[in-house]
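Keep the structure in view as you read.

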Amino acid sequence: MPTSRSHLRAVPTPPPGAARGPSDAALVVAARAGEDWAREALCRRYAGMVIGLSRRLLGSDGEADDLAQEAFVQAIGSLDALADPQAFAGWMKSIVVRTAHKVVRRRVLMRRLGLGPREREALDESSLVSPDAPPDVRAELRAIYTILQAMPARERIALVLRRVEGLSHEEVAEQLGVSLSTAKRLAAASDATLERAMRARKEEP
Amino acid sequence: MKSSLGEPRDLSAYVPTEVDDARASRLWERVRSRAPMPQAGSSRWLRFAAVAVVAAAAAAIALFAARKTAFERRAQVVEYDKSGAMTLADGSRIRLRDGGRVRLERFDARGVEVTLAEGSAEFDVVHVASRTFVVHAGRVDVVDVGTRFVVTRDASGASVVVEEGRVEVRDPSGVLPVRTIATGESWSTSAAAPSATETASAPSPEPSATAAASAPVKPPSAKELLEAADAARVAGRSRDAAALLDILRRRHRSDSRAGLAAFELGRLRLDALGDPAGAVEAFDDALALAPSATFADDAEARRVEALERARDPRCRGARDAFLARHPKSVHVVEVTARCAP
């Protein structure tokens with residue numbers, strides 16, 4: 001069914017090395033050497049992946065660019081810490097995840113101190129979810145983005161990584177920089193919250 | 001109680017995000033303005049280390065092929081394949097044909113320059129917006145606009161065949177106009193016999209090349225102007241780049257790139273041309289052309305800087321207006337410190 005959002009399209013994540021042109025490793029080596037064109041090439045190559053992940057983690061298109069910018073600045077500033085230059089994509093994703101975690105934590109802290117907006121900004125979950133999504137997927141995503149704002153920061157990030165990105169417990173642990181048992185505990189807690197939300201939605205008249 | 005949720009699956013494609021070139025460009029501009037730039041002293045060691053890594057890889061892969069090449073700076077060649085094709089550090093490939101001999105003159109952030117000394121070579125170039133890739137072939141330069149082309153030198157001059165993308169053929173002496181050759185097209189200095197008038201008016205060592213001067217001239221598009229301005233900027237020709245951006249914003253005001261062009265023009269006038277008053281005018285125009293663009297706060301912040309440098313009395317008003325409009329901008333600290341009494 002065509003809607004006003006039908007122009008939106010998914011931006012596929014480029015698998016490492018699949019993009020045309022120099023490999024990620026070549027770009028990372030050149031960027032480390034101070035070549036500005038290589039930094040730009042990395043930024044442009046992964047802009048879609050980083051902005052997309054930022055949007056899914058924060059549930060907001062407006063804030064996605066700010067988070068992407070912050071993540072790229074951090075990545076470029078710490079390229080020397082990347083052990084395997086060809087693994088840039090995964091490394092970049094983990095920077096986005098950890099930066100998103102900081103952003104959400106800072107926002108919660110500011111709100112507690114009375115420095116941020118008193119009310120949580122409502123996420124417009126209907127604008128986030130593609131109209132092409134099957135009904136069960138749409139229901140799950142809408143439930144996720146409805147409960148997201150009220151969740152603790154780490155639980156919230158873990159929920160998106162697991163239920164939107166489809167990552168395993170091991171991958172969530174790696175991206176968040178926590179132990180496997182912590183990742184499983186976070187998943188259990190966020191799944192329980194999600195399940196309650198979905199049940200409540202079903203019971204709505 | 002057993003969970004009613006199914007196994008997690010990848011639903012990311014159902015939360016779509018539109019990221020076009022303009023959005024990626026704006027992201028890069030903001031990242032570049034904040035990311036730490038390499039220092040000259042330390043980058044020398046970093047460059048040395050990078051070149052060492054690249055050279056080691058090249059040496060390992062190319063022991064058998066090294067004798068076949070005429071590259072003087074092999075460190076920038078990271079791979080040779082069995083056919084003798086070379087891959088540069090940026091992924092661009094050069095395949096020699098018909099006794100081709102090339103020399104890598106330059107390989108850095110601003111540009112790559114290759115001289116085709118003789119024979120023929122196929123170039124498959126990775127196009128990077130912020131740098132130029134030039135093949136010197138006799139009296140003409142072939143400038144990549146992206147991506148695959150063959151250049152041949154012979155007794156009569158040079159010829160170019162574009163297999164994919166576009167190139168520009170330029171005459172550094174300025175006698176010949178710039179020609180753009182697109183996919184499937186070819187160009188040759190001996191393709192057409194010159195008229196007597198043209199030959200007389202163009203005393204060049206390869207007079208037959210003047211045949212190109214008779215080609216019809218098409219007004220440049222906004223995209224072409226922006227690309228030409230980028231090329232001029234990275235080549236250090238700031239005044240040329242500013243002129244091209246000025247033409248773009250004036251001739252193509254309804255184009256989505258006009259606002260960005262005005263913003264870039266302001267930056268050039270402020271940073272490279274020492275013209276803060278002109279920069280204020282360009283930033284004003286950028287904000288008028290694209291008031292809600294994501295670079296609007298960048299343009300406003302740079303406008304405050306330009307007003308300060310121009311000692312314009314409007315500076316404090318502009319600063320206060322910026323801080324009121326963009327309290328969360330990354331430029332808040334920098335702008336707050338401006339326009340001191």
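In this predicted model, helix α8(B) passes helix α9(B) in a left-handed crossing. The two axes come within 9 Å and cross at roughly 160°. An angle over 145 degrees counts as roughly antiparallel, so α8(B) and α9(B) are roughly antiparallel to each other.

Which residues of α8(B) and α9(B) meet? From α8(B) come E300(B), A301(B), R303(B), V304(B), L307(B) and E308(B). They meet C315(B), A318(B), R319(B) and F322(B) in α9(B). By class, this contact has 6 nonpolar and 4 charged residues, and no polar ones.

Now turn to helix α5(B). Its 14 residues should span 20 Å at 1.5 Å a residue. The end C-alpha atoms of α5(B) are 20 Å apart, so the two values agree. The buried residues of α5(B) are A241(B), A242(B), L244(B), L245(B), D246(B), L248(B) and R249(B). What covers them? The cover includes α4, α6 and α7 of chain B.

The table places the helices named here.

| Helix | Residues |
|---|---|
| α4(B) | 222-234 |
| α5(B) | 238-251 |
| α6(B) | 258-271 |
| α7(B) | 276-289 |
| α8(B) | 296-309 |
| α9(B) | 315-325 |

Finally, step back to the whole chain. Chain B has 10 helices and 9 strands. Of its 341 residues, 40% count as buried. Take the contacts in chain B with a separation of 6 or more: residues 24 or more positions apart account for 40% of them.

Conventions: Residues are numbered from 1 along each chain as its sequence is written. Chains are lettered from A and ligands numbered from 1 in the order in which they are written. This is a predicted model: local features need pLDDT of at least 70, side-chain atom pairs count only at pLDDT 80 or more; totals for chains, interfaces and linings use all residues. Axes are lines fitted to C-alpha atoms, for helices over the stretch in contact, and angles run from 0 to 180 degrees between N-to-C directions. Helices (H or I, at least four residues) and strands (E, at least two) are DSSP runs, numbered from the N terminus. Angles under 35 degrees count as roughly parallel, over 145 as roughly antiparallel, 65 to 115 as roughly perpendicular and the rest as oblique. A crossing is left-handed if the near helix is turned anticlockwise from the far one by less than a right angle, and right-handed if clockwise. Two residues are in contact if their C-beta atoms, placed from the backbone, lie within 7 Å. Ala, Val, Leu, Ile, Met, Phe, Trp, Tyr, Cys and Pro count as nonpolar, Asp, Glu, Lys and Arg as charged, and the others, Gly among them, as polar. A residue is buried if 20 or more other C-beta atoms lie within 10 Å of its own, exposed if 12 or fewer, and partly exposed in between; C-beta atoms are placed from the backbone. The expected span of a helix is 1.5 Å times one less than its number of residues.
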